[in-house]
Amino acid sequence: MALRALRRVGPGLAPRCPRLSPPPRMPAARRLATSSLVLSARKFTDKHEWISVENGIGTVGISNFAQEALGDVVYCSLPEIGTKLSKHDEFGALESVKAASELYSPLSGKVTAINDALADNPGLVNKSCYQDGWLIKMTVENPAELDELMNEDAYEKYIKSIED
Amino acid sequence: MPPGAVRVLRLGLRPYPQALRVQERCVAAARAARAGAAPAESLVLSEPAGPVYAWGLRGAPGAAAAAGLRARGAALVAARRGGHVTFHGPGQLVAFPVLDLRRRRLPLRRYVGALEELGLRLCRRLGLAAARALPPPFTGVWVGESKICAIGVHCGSHITSHGLALNCCTDLSWFEHIVPCGLEGKGVTSLSQELGRHVPVEHVLEPFLDSFREVFDCTLVFSEEPGD
């Protein structure tokens, strides 16, 4: 696999999974900058889930904003493989100390995988929310639903609007 | 109703499952409140009429343990909230704040901290200066090695539910049949036990509401909830 030369790499950027996607604009020191290389493909919901689709399979997780708001995740309640989800359906919950936070499906599709690593290491959701802390993978039944989600820029604006 | 006011539903002595149904209606109203319109926040207060063991995402008793608890006359309820198994029953103040964390710009972990603060202020108002909060996994309000107030919440679409349970004059022997909150070797206590006098739930309501107003910076409006 050819590794593209990474130009204008931000401080501390060390992608674990080199991808052949086009290099995104590199924002100046922003919270999301360290993982922007893989973030450009992501879409976000207003409930702070993200999904990135590759070869018809969507990987779903929660955003950095969400994991910070939750606190340390101690348990992940995830659906069975094969579960059919409609967009907005509750598909599980994350427990941080004494709080169960509901998870909502960004799209309609069927669950194809769940992240087994979270059973023994739920803290991955905090430490690596965009990479090792992914929650489920699912098919994308209706690609048009992706257009309804926010891209990285729109999501950052959304976060600013609710933080101020 | 003035903007930013929280509607208080004082259910009094009510079976725990009924209080849960009232809460569900409050949650539905809060989620339906349109962005830009006034939020529809509530605070449901009750004293469970009968003994109940409830657990969260984790902490469900196995079949044999469940049969044992039922044989003692308790109901068993699965509640979609954080925290393990605990007991609810007469003599306990159960509070369900149904608040909009997005409007309040309050991250969930700070909301849990606010509930601890609420419990602490209430205990101190009642003369229990020794009450303290402890870091995770001991979230809750403690007197020494014994928990006086348990916390367990749910958050969906930025709306909270469940909340806290404060032992006022609870029969603490009910806790002997579980490992409360999954914490081995820790005790439970009540306001009555710590203050050496009978403290019924009714005596705690006003100081609770005062503490709630302070911690959540809100006004309270009192409402009647039609019977179930």
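## Terms and model

A residue is called buried when its relative accessible area is under 20%, exposed when that area is over 50%, and partly exposed in between, as judged with a 1.4 Å probe on protein chains only. The model is predicted, and local features need pLDDT of at least 70, while side-chain atom pairs count only at pLDDT 80 or more, although totals for chains, interfaces and linings use all residues. Residues are numbered from 1 along each chain as its sequence is written, chains are lettered from A and ligands numbered from 1 in the order in which they are written, and side-chain values use heavy atoms, with hydrogens and water left out.

## Overall architecture of chain B

Chain B contains five helices and 12 strands, where helices (H or I, at least four residues) and strands (E, at least two) are DSSP runs numbered from the N terminus. The radius of gyration of chain B is 17 Å, close to the 17 Å that the globule rule gives for 228 residues, so the chain is as compact as a globular protein of that length; the radius is taken over C-alpha atoms, and the rule is 2.2 Å times the number of residues to the power 0.38. The C-alpha trace spans about 50 × 40 × 35 Å along its principal axes.

Of the 228 residues in chain B, 54% are buried. With contact meaning heavy atoms within 4.5 Å, 74% of the contacts in chain B between residues at least 6 apart in sequence join residues at least 24 apart.

Helix α1 of chain B covers residues 16–32 and includes Ala19(B), which counts as buried because its relative accessibility is 0%.

## Nonpolar cores

A nonpolar core is a set of buried Ala, Val, Leu, Ile, Met, Phe, Trp, Tyr and Cys residues joined through side-chain atoms within 4.5 Å. The largest has 66 residues, and those with the most contacts inside it are Leu191(B), Phe208(B), Phe212(B) and Phe216(B). Helix α3 (residues 108–125) of chain B gives the most to this core, contributing nine residues. Apart from this core lies another, of 19 residues, among them Val22(B), Ala54(B), Val94(B) and Ala165(B).
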